[in-house]
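Colleague: Could you take a close look at a single residue of this model and walk me through what surrounds it?

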Amino acid sequence: SLMKKLLTLSCLTATMFLASCKSVAPYAALPIDNDAEQEVNVVVTSAKLRRGLRVGRAGVRRIEGSNQLKVIVPIRNISKSHLQVRIQVSFLDLEKGPIGDDTNAQVAILGPGETHNHSVTSSTSEARDWIMRIVPNY
């Protein structure tokens, strides 16, 4: 039984090591500020798009009265060309499980150096967490 636990722990450690060796899509979005943490609630599905985008700290608050969750995320184009993206947000429960509260994908066109403040609000008060997906809009 101790041997089984050690084997399980070894396998888990090896898997984590291999996963850290090569990043696979979706990627955590990179922060606008060098000293800021990566925004784990924002993922980008393309390595090329990830190089051209940065996200700022999300503003998250409850709307008084309805208790809906409002999220505002600054998204900056740091590339030298226009970027066209689709942004979709899913609101989640405390365990990061889906609650069926998803936004439609919204298109944003960002010029070089431009920052777009993407704002969404949950449809109900059940939302406890969220994830934003940014994909290229070809």
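Modeller: Let us begin with Ser90, which, leaving aside its neighbours within four places in sequence, is in contact (heavy atoms within 4.5 Å) with Asp101, Asp102, Asp129, Trp130, Ile131 and Arg133. This is a predicted model, in which local features need pLDDT of at least 70 and side-chain atom pairs count only at pLDDT 80 or more, while totals for chains, interfaces and linings use all residues. Residues are numbered from 1 along each chain as its sequence is written, and side-chain values use heavy atoms, with hydrogens and water left out.

Ser90 itself lies in strand S6, residues 83-92 (strands are DSSP runs of E, at least two residues, numbered from the N terminus). Its relative accessibility is 7%, so Ser90 counts as buried (buried means under 20% relative accessible area, exposed over 50%, partly exposed in between, with a 1.4 Å probe and protein chains only). The side chain of Ser90 also makes a polar contact with the side chain of Arg133, at 2.9 Å (a pair of N or O atoms within 3.5 Å, where within protein one must be able to donate a hydrogen and the other to accept it, and residues adjacent in sequence count only if both atoms are side-chain atoms).

Asp129, one of the contacts of Ser90, meets Lys96 in a salt bridge between their side chains, 2.4 Å from N to O (a side-chain nitrogen of Lys or Arg within 4 Å of a carboxyl oxygen of Asp or Glu). This pair links distant parts of the chain, 33 residues apart, with Lys96 in the loop between S6 and strand S7 (98-102) and Asp129 in strand S10 (residues 129-136). Lys96 is exposed at 52% relative accessible area, whereas Asp129 is buried at 16%.

Notes: Helix = DSSP H or I, 4+ residues; strand = E, 2+ residues; numbered from the N terminus.
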